[in-house]
Amino acid sequence: MDKSQYFSFSDTVRDSNRERPQSTTSGAVEIVRHSYTERPQPPTSRIEAPSKEGCFSARSLVTLEGDEKIPVSELMSGHRVLCMDADGRFTYSDFLTYLDKDCAAVTEFRVLETQNPPRRLALTASHLVFVADDLNVPPKDFCPMFASLVQPGKCILIAGADEPQPARVVSVTTHIDSGAFAPLTGHGTLIVDDVVVSCFAVVQSHHLAQLVFWPLRLYHSVGSLGVQAEGMHWYSKMLYSLGKLFLNKKEFHPIEAQGGTEASTL
């Protein structure tokens, strides 16, 4: 696979790959590759700190009702997007607003790749993705994990024909891209680039985030209130400040626990 497509600034990339065998349930040996990259920063663009949560780049794709795929940056009030419910099944959920929206941001993303079937997901380090250790774990039992903690060999959920299906991560790299978008749906999940993800970041509990965002979901359910303009949503700012006061530091992504910059999503 040509890794040069992952970089938008024509960087000179030096990859050093190391391979390690991993046993599968069939007794065969699966090769898991972890790629490490080095690249210069773009000379004229500001790279956002990892704790600045855009979550997805402008080019990341979501699936609308009717199977149309559009960039996450083009979501509008009235759109219904593919997501996963609490029972691990596909459903469609209302797009409510952006928890953060920065069209000009140049952000570092964590790139998770699977091979069977091939999928590629780019998201920020403190965003939550659903993970398990084994391919036989039911989708509803996958647990949220910060993207920065996902390593080759872990399993994530991808969009199968009729239901989410597990796929093993074979490569983890980093990638610089433009735009930073954190969409919120009624279910608190969505499918981005055919991978099941949480709408939330920074705090490791997806269920807690879904609970505390209930008032915002109710607020948007009373009618079309428009989509968040550029910048961080006021409700996210408020929850972040309250979380810093009342939550244990262990609940936060490591960068945030060390006093990182203000983040977009509780």
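Visitor: In the hairpin of strand 6 and strand 7, which residue takes a positive phi?

Guide: Gly88, with phi near 80°. This hairpin has five residues between its strands. Before we go on, note that this is a predicted model, where local features need pLDDT of at least 70 and side-chain atom pairs count only at pLDDT 80 or more, while totals for chains, interfaces and linings use all residues. Residues are numbered from 1 along each chain as its sequence is written, and side-chain values use heavy atoms, with hydrogens and water left out.

Visitor: How many helices and strands does the chain have?

Guide: Helices (H or I, at least four residues) and strands (E, at least two) are DSSP runs, numbered from the N terminus. The chain has four helices and 15 strands.

Visitor: In which sense do strand 6 and strand 7 pair?

Guide: Two strands pair if DSSP finds at least two bridges between them. Strand 6 covers residues 80-84, and strand 7 covers residues 90-115. They pair in the antiparallel sense, over five bridges. Within this pairing, Val81 stands opposite Ser93 of strand 7.

Visitor: Over how many bridges does strand 7 pair with strand 12, and with strand 8?

Guide: With strand 12 (residues 164-185), strand 7 pairs over 15 bridges, in the antiparallel sense. With strand 8 (residues 118-123), strand 7 pairs over six bridges, again antiparallel. Look at Thr114. In strand 12, its bridge partner is Val169. In strand 8, Thr114 stands opposite Arg119.

Visitor: Which residue other than glycine has a positive phi near 70°?

Guide: Asp67. Find Asp67 in the loop between strand 4 (61-63) and strand 5 (69-71). Asp193 is another case, with a positive phi of about 50°. Asp193 belongs to the loop between strand 13 (189-192) and strand 14 (195-201).

Visitor: Why does Asp67 count as exposed?

Guide: Asp67 counts as exposed because its relative accessibility is 59%. Asp193 has 22%, so Asp193 is partly exposed. Across the chain, buried residues make up 50% of the 266 residues.

Visitor: Where is Ser93, and is Ser93 buried or exposed?

Guide: Ser93 lies in strand 7. Ser93 counts as buried because its relative accessibility is 2%.

Visitor: What does Ser93 touch?

Guide: A contact means heavy atoms within 4.5 Å. Leave out residues up to four places away in sequence, and Ser93 touches His79, Arg80, Val81, Cys83, Thr185, Gly186 and His187. Now take polar contacts: pairs of N or O atoms within 3.5 Å, where within protein one must be able to donate a hydrogen and the other to accept it, and residues adjacent in sequence count only if both atoms are side-chain atoms. The side chain of Ser93 makes such a contact with the side chain of His187 (3.0 Å). A polar atom of the Ser93 side chain also lies 3.0 Å from the backbone nitrogen of Gly186.

Visitor: How many aromatic pairs does the structure hold?

Guide: Rings of Phe, Tyr and Trp (its six-membered ring) pair if their centres lie within 6.5 Å; planes under 30 degrees apart count as stacked, over 60 as edge-to-face and the rest as tilted. The structure holds two such pairs. One of them joins Phe95 and Tyr98 edge-to-face, at 5.1 Å centre to centre and 65° between the planes. Phe95 and Tyr98 are both buried. With Phe181, these two form one aromatic cluster.

Visitor: Back to Val169: why does Val169 count as buried?

Guide: Val169 counts as buried because its relative accessibility is 0%. Val169 lies in strand 12. Its C-alpha is separated by 7.0 Å from that of Ile156, 13 residues apart along the chain.

Visitor: Among contacts between residues at least 6 apart in sequence, what percentage join residues at least 24 apart?

Guide: The value is 65%.

Definitions and conventions
Buried < 20%, exposed > 50% of the residue type's maximum accessible area, 1.4 Å probe, protein only.
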